[in-house]
Structure formats: structure tokens, C-alpha cells
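Let's take a walk through a protein model together. Have the picture ready, and follow along as we go from one part to the next.

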Amino acid sequence: MSSKFHVTATEKSGEAQLEFAGVIDEDVDFTQIKLPECKVYTFNFAGVKGINSCGIREWVHFSESLPAAAKLVYQNCTQIIIEQINMVAGFFRAGSEVQNFYAPYFCESCDREQKVLITAAAVQGLAAPSVNCPECKAEMEFDAIEEQYFRFLKANA
Amino acid sequence: MAPLNKITIVSRTPGVREDMVACLEEAQVSAVVYEGEAFAASADIVLIDQRALPATQVESLLAQHAARCILLTDHDDGENITKALARFPLSHIIGGNGRSWLREFAVTAQKMASPTLWGLAAHLSPAAVIESRTVGSAAAINATIDELLGHVDLKASFGAAEDFLRQTANELLTNAVYNAPVDRTSQQPKYEQTDRKQKIILLPSETVEIAFGTDEDNIGIAVSDQFGRLTREMIVRHLLKCVTNTNFIEEKRGGAGAGLYLAFYTANQFVVNVEVGKRTEILCLLEKTKRYRHYRTRVTSFNYFTQAKGAA
Ligand SMILES: [Zn+2]
């Protein structure tokens with residue numbers, strides 16, 4: 001599968017929706033995205049396969065270039081995006097909110113990992129929500145360190 | 001045949017000496033193994049098993065012998081950078097909760113005695129499958145990574161491993177292409193400040209090698225340049241900057257100043273081989289595990305090996 005970056009941008013009633021796919025790197029030119037000024041920007045990261053340090057810098061510049069009063073909503077964040085949000089200051093601008101994100105779960109009896117899309121609201125007091133295995137229906141284990149993986153929730157707008 | 005190592009083990013973990021002797025024998029590393037701090041002054045290698053030793057004893061050993069030490073530790077990466085690497089001239093840390101730390105120890109001891117062992121093969125089992133490519137331009141970086149990743153069996157790894165491997169390979173290649181080359185006469189960097197959107201083409205004497213390799217326990221990436229300029233101090237300074245300040249993305253010309261740290265952060269074993277002035281090779285290995293929690297809690301091993309130019 002190619003890692004070339006694609007973005008699909010739409011706008012409706014002052015709300016922008018941006019869908020990303022591929023790798024966010026130095027070649028990503030967010031200035032090419034032409035949108036009117038919006039109150040809400042929703043980013044869908046489901047198709048993002050990777051990011052590098054120059055891509056992180058491009059992202060920080062892009063998010064800072066959006067109106068200061070705008071709300072930035074992150075959807076379908078993959079694990080690598082959650083890691084960057086947790087690790088790099090500025091990746092998650094003030095006024096940003098992760099709405100939902102992928103989290104690793106593991107079913108011992110099936111010996112299988114499952115990436116589960118969970119909402120930020122479902123994480124209560126840094127406890128991962130309970131999720132059952134789609135195969136055997138047993139409860140799966142959350143397969144990351146809660147304090148580490150959910151660190152970004154402290155900054156969630 | 002590699003020269004005989006005199007190794008002393010300072011540990012309170014029961015049975016650790018016996019395990020190490022067995023592992024060294026299995027790896028055919030020639031060594032005579034002592035136990036206890038009393039032998040530290042005369043040993044070639046001092047293995048400090050931090051997992052059960054008082055902090056004061058570890059500090060005292062590092063203060064006296066750091067350059068000859070291997071620190072076996074279960075402390076987290078941030079502590080290993082700030083309290084060990086940044087304070088002592090230590091070049092070898094092994095993650096004490098790694099699945100194959102004994103083998104790592106044997107390889108490290110072997111390479112400390114003969115730092116001419118290059119490539120992924122030294123860190124993987126003899127049955128490892130290794131694919132390598134030459135990269136001659138910045139434009140070829142992503143396509144080469146995609147192509148090589150297609151050869152890697154990820155069935156035994158957690159789902160996001162592919163994304164992390166891609167990120168690591170990209171950072172290592174980008175550094176090797178833009179940061180490593182210097183003008184051979186002036187020794188001034190040639191492309192370091194070049195905008196990364198500008199896709200430079202390397203001279204044949206500047207090309208970069210990348211390899212992906214897998215065995216039953218690990219997936220490894222190796223990237224090497226033809227310059228050999230990366231020092232232990234440069235790496236430690238960089239890691240320290242990133243681990244002590246989350247605002248580490250730089251606004252300077254050229255790269256974002258975070259590539260090595262992202263590679264270290266992603267790796268379970270981070271190994272640097274340098275032949276001064278001739279080549280630098282960085283290896284990042286990830287344990288094969290379906291458990292993301294295990295991957296994230298695995299203490300990252302750090303190894304820096306150097307040899308003088310032409311010593312091979
Ligand atoms: Zn199951």
C-alpha cells in the first residue's frame with residue numbers, strides 16, 4: 001500500500017471536515033487546503049499510516065494557523081497519532097479535543113490483538129472501558145498502560 | 001577468534017551468573033566470567049545488574065568504570081538517559097525486561113571485544129532473513145521503505161508495529177541522507193540545512209544502505225551512511241534534549257531535530273556502530289510481540305560501538 005498522503009476537505013455551515021490518508025511528512029502541504037474560516041475543524045486520522053518528525057512540525061504549523069477561537073476535533077486517531085499527541089508539545093493545540101481513537105485490546109483466549117475505536121468520554125478516571133472479544137465474547141484486556149496512553153485526555157478541551 | 005573477555009558480574013539476582021555463562025557459551029563468546037565488584041578494576045567488561053542493587057552501589061560502579069560497563073536495568077528510558085547516559089561515559093544499556101536480554105548481553109560482550117561486527121546479522125539469529133537496498137536520493141526514501149516492509153512478516157507483531165517501523169526507517173534514512181554527508185575537504189555538512197521538501201540526489205560516495213531483517217524474536221532495521229560522524233555525545237545530548245523537554249520539535253532550517261529520539265523511542269534495542277570518518281550504522285530492533293503493553297514497557301537497550309578508522 002502506498003504511503004503517499006491524501007486529504008479530502010469539505011465544509012458545511014462553518015464546520016470543516018478533513019480526512020487524511022497516508023504518511024504525514026515534510027511533503028505534506030497543508031496550505032493547499034482551501035477552506036473558508038470555520039468555527040470547527042474535524043480531522044479524521046483513520047487512514048494515517050505514519051508520521052515523521054518533519055510531518056509533526058508541518059502539523060503543528062497547520063494547527064496553529066487555524067483561527068485561535070476555532071475548535072479542533074480529532075477523530076479516529078490511530079495509535080501512532082495518539083503517541084505523538086502524548087509525546088510532542090504543540091501537536092495538540094489548546095482548544096483541541098480527541099473525540100475518539102483506536103486503542104489496543106488483547107483477547108487471551110483467542111491470542112489476538114484488536115484495535116478498538118473508543119470515545120474519549122468512555123474513559124472514566126483513566127480506566128479503559130470494558131470491551132468484549134468479537135470472536136469468543138470474553139472480556140478483553142486493555143493492552144497499553146492507561147496513564148501513558150490516556151495522558152492526552154488531561155488536555156482534552 | 002575474538003580475544004578473551006574478562007567479565008565480572010555485579011548482581012544480586014539469583015542464578016544470573018550461571019545463565020550468563022551458559023548464554024556466552026551458546027553464542028561462542030570467549031570469556032572468563034567472575035562475580036563481584038572486587039574484580040571490576042581488572043575486568044574488560046563490568047556487568048552491573050541494576051535490578052537488585054542499591055542505587056549508591058550502581059552509581060559508584062558507574063563513576064569508576066562506566067566506559068567498560070554494561071548496565072542491565074529495569075528503570076525507564078527517561079531515567080536511563082538522564083541518570084545514566086547523561087552523567088557517565090556509559091555506552092551500553094540492556095533492558096532487563098527484554099525477552100532475549102541474555103542474548104543481547106552475549107552480543108554486546110562479543111562486540112565490545114571486537115567492534116568490527118556490523119549489520120543486523122550480529123543481532124539476529126543465524127536463520128534471520130535480511131533484505132537490503134541502496135538509497136541514492138531523498139525521493140526514494142518512502143518507496144524503498146514501503147517495498148522493504150512488504151518483505152517483513154508482521155503476523156507475530158501488534159497491529160501498529162508497521163506504522164512504528166515505517167516511522168523509524170523514515171527518520172533514520174532522512175538523517176542519513178540529509179545530515180550525514182559532509183564535504184570531504186572542509187568537513188562541513190552538505191545538506192543539513194536543506195529544506196526537506198527539496199529532494200536531493202546523493203553522489204555515489206554518499207549513498208545510504210537500509211536493511212530490514214527478521215528472526216523468531218525480533219524485527220530489525222539497519223541504516224548506514226559513509227561518513228562515521230555520529231558520536232556518543234551527540235546522541236546523548238539529543239536524547240537528553242528530547243526527554244527533558246516535550247517542546248523538542250525545532251524550527252531551524254533543515255530537519256525538525258527529533259529524528260534520532262523518535263527512532264530511539266520506537267525501538268526496543270537501539271544500536272549504533274561507528275567507524276570514525278568512514279561509516280555510521282544505526283540499528284533499531286523491535287521485539288516480535290502481539291502485546292502492545294509489552295512493547296511499550298520494554299526498557300530500551302542502548303549500545304554505542306566505535307572503532308578507529310581502518311581498524312577492521
Ligand atoms: Zn476472544
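In this predicted model, the contact between the two chains draws on 39 residues from chain A and 35 residues from chain B. The size of an interface is often given as the accessible area lost when the parts come together. Here, chain A and chain B bury about 3,200 Å² between them, and 47% of that area lies on carbon and sulfur atoms.

What joins the two chains in terms of charge? Between chain A and chain B there are eight salt bridges. One of them pairs the side chains of Glu141(A) and Arg291(B), with N and O 3.0 Å apart. Polar contacts can be counted too: 26 residue pairs meet this way across the interface of chain A and chain B, with both residues at pLDDT 80 or more.

Now look at the side of chain A that touches chain B. The elements that each supply at least two residues to it include strand S3 (40-51), helix H1 (53-65), helix H2 (79-87) and strand S6 (100-107) of chain A. H1(A) gives the most, with six residues. Sorted by class, this side of chain A has 17 nonpolar, eight polar and 14 charged residues.

Next, let's turn to chain B and a pair of its helices. Two packed helices are described by the angle between their axes and the distance between the axes. For helix H6 (residues 161-179) and helix H8 (residues 259-266) of chain B, the angle is about 145° and the axes are 9 Å apart. H6(B) passes H8(B) in a left-handed crossing. Among the residues that meet here are Phe164(B) and Leu172(B) in H6(B), and Leu260(B) and Ala263(B) in H8(B). By class, this contact has five nonpolar, five polar and one charged residues.

Finally, back to salt bridges: over all chains, the count comes to 28. Find Glu104(B) and Arg298(B), whose closest N and O atoms are 2.5 Å apart in a salt bridge. This pair links distant parts of the chain, 194 residues apart: Glu104(B) sits in helix H4 (residues 101-113) of chain B, while Arg298(B) lies in the loop between helix H9 (292-297) and strand S11 (301-307) of chain B.

Terms used
Residues are numbered from 1 along each chain as its sequence is written. Chains are lettered from A and ligands numbered from 1 in the order in which they are written. This is a predicted model: local features need pLDDT of at least 70, side-chain atom pairs count only at pLDDT 80 or more; totals for chains, interfaces and linings use all residues. Side-chain values use heavy atoms; hydrogens and water are left out. Contact means heavy atoms within 4.5 Å. Buried area is the accessible area (1.4 Å probe) that two parts lose on being put together, summed over both. A salt bridge is a side-chain nitrogen of Lys or Arg within 4 Å of a carboxyl oxygen of Asp or Glu. A polar contact is a pair of N or O atoms within 3.5 Å; within protein, one must be able to donate a hydrogen and the other to accept it, and residues adjacent in sequence count only if both atoms are side-chain atoms. Helices (H or I, at least four residues) and strands (E, at least two) are DSSP runs, numbered from the N terminus. Ala, Val, Leu, Ile, Met, Phe, Trp, Tyr, Cys and Pro count as nonpolar, Asp, Glu, Lys and Arg as charged, and the others, Gly among them, as polar. Axes are lines fitted to C-alpha atoms, for helices over the stretch in contact, and angles run from 0 to 180 degrees between N-to-C directions. A crossing is left-handed if the near helix is turned anticlockwise from the far one by less than a right angle, and right-handed if clockwise.
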